Amino acid sequence: MYMEAKTAEDFKQIDEIERNKTPAKTGDIMFTTWGYDMTLNDYCKVLENTGKTVKCVMIDKIVTDDTGIGNGKSMPCPDAIISPPFRLHVRMRTDNEGFTYVGSYPYARGDTRKGYFRKWSGEPNYYNTWD
């Protein structure tokens, strides 16, 4: 997809497209965002890429810029592993804008949930816990 960047938001969108065109490699951080009325972020770190799957572990996050009313920014803590290893399937996006990583991942208290992960940009992610 060709896109001419005119604003800072355009540049961010182009950066995300380019970042996700290369497969995940060992050490990469990926994230998924979810929630009905909330914006929650989960992060994982890639341990291995077999081409068809990536082996990952969930990592903890730190909340920054919390306004005191349940919103702010979150960032991953790469060395704070909080789950056993699990696998995500590697998929090419239908719009040909790179890879996405799909599968069930460890969630709270032994539960799992399905998520669609993509590579983390290195920038804090917006979150809120309003329900």
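This is a predicted model: local features need pLDDT of at least 70, side-chain atom pairs count only at pLDDT 80 or more; totals for chains, interfaces and linings use all residues.
The side chain of Y126 makes a polar contact with the side chain of N128, at 3.3 Å, where a polar contact is a pair of N or O atoms within 3.5 Å, and within protein one must be able to donate a hydrogen and the other to accept it, with residues adjacent in sequence counting only if both atoms are side-chain atoms. Residues are numbered from 1 along each chain as its sequence is written, and side-chain values use heavy atoms, with hydrogens and water left out.

Y126 is found in strand β8, residues 125-128; helices (H or I, at least four residues) and strands (E, at least two) are DSSP runs, numbered from the N terminus. At 36% relative accessibility Y126 counts as partly exposed, a class that lies between buried, under 20% relative accessible area, and exposed, over 50%, with a 1.4 Å probe and protein chains only. Leaving aside neighbours within four places in sequence, Y126 is in contact (heavy atoms within 4.5 Å) with T39, N41, N71, G72 and K73. The C-alpha atoms of Y126 and M75 are separated by 9.2 Å, although these residues are 51 apart along the chain.

Let me step back to the whole chain. Of the 131 residues, 36% are buried, and among contacts with a separation of 6 or more, 52% are between residues 24 or more positions apart.

A24 is buried, with a relative accessible area of 3%, and the C-alpha atom of A24 is separated by 8.4 Å from that of F99, 75 residues apart along the chain.

T100 lies in strand β6 and, at 16% relative accessibility, counts as buried. The side chain of T100 reaches the backbone oxygen of F117 at 3.2 Å, and F117 is also among the residues that T100 touches, together with H89, V90, R91, R93 and Y116, again not counting residues up to four places away in sequence.

D65, by contrast, is exposed, with a relative accessible area of 57%. The place of D65 is in the loop between β3 and β4 (71-81), and its phi is near 55 degrees, a positive value in a residue other than glycine.

The volume of the second largest pocket is about 170 Å³, volume here meaning the space filled by probe spheres set on the points. Which strands each supply at least two residues of the lining? They are β2 (40-49), β3 (53-64) and β6 (99-106), and the largest share, four residues, comes from β3. Among the lining residues are D42, Y43, M58, K61 and Y105.

Technical notes: On a 1 Å grid over the protein atoms alone, a cavity is a set of points where a 1.4 Å probe fits but cannot get out, and a pocket is an open set with protein on both sides within 12 Å along at least five of seven lines; lining residues have an atom within 4 Å of a point.
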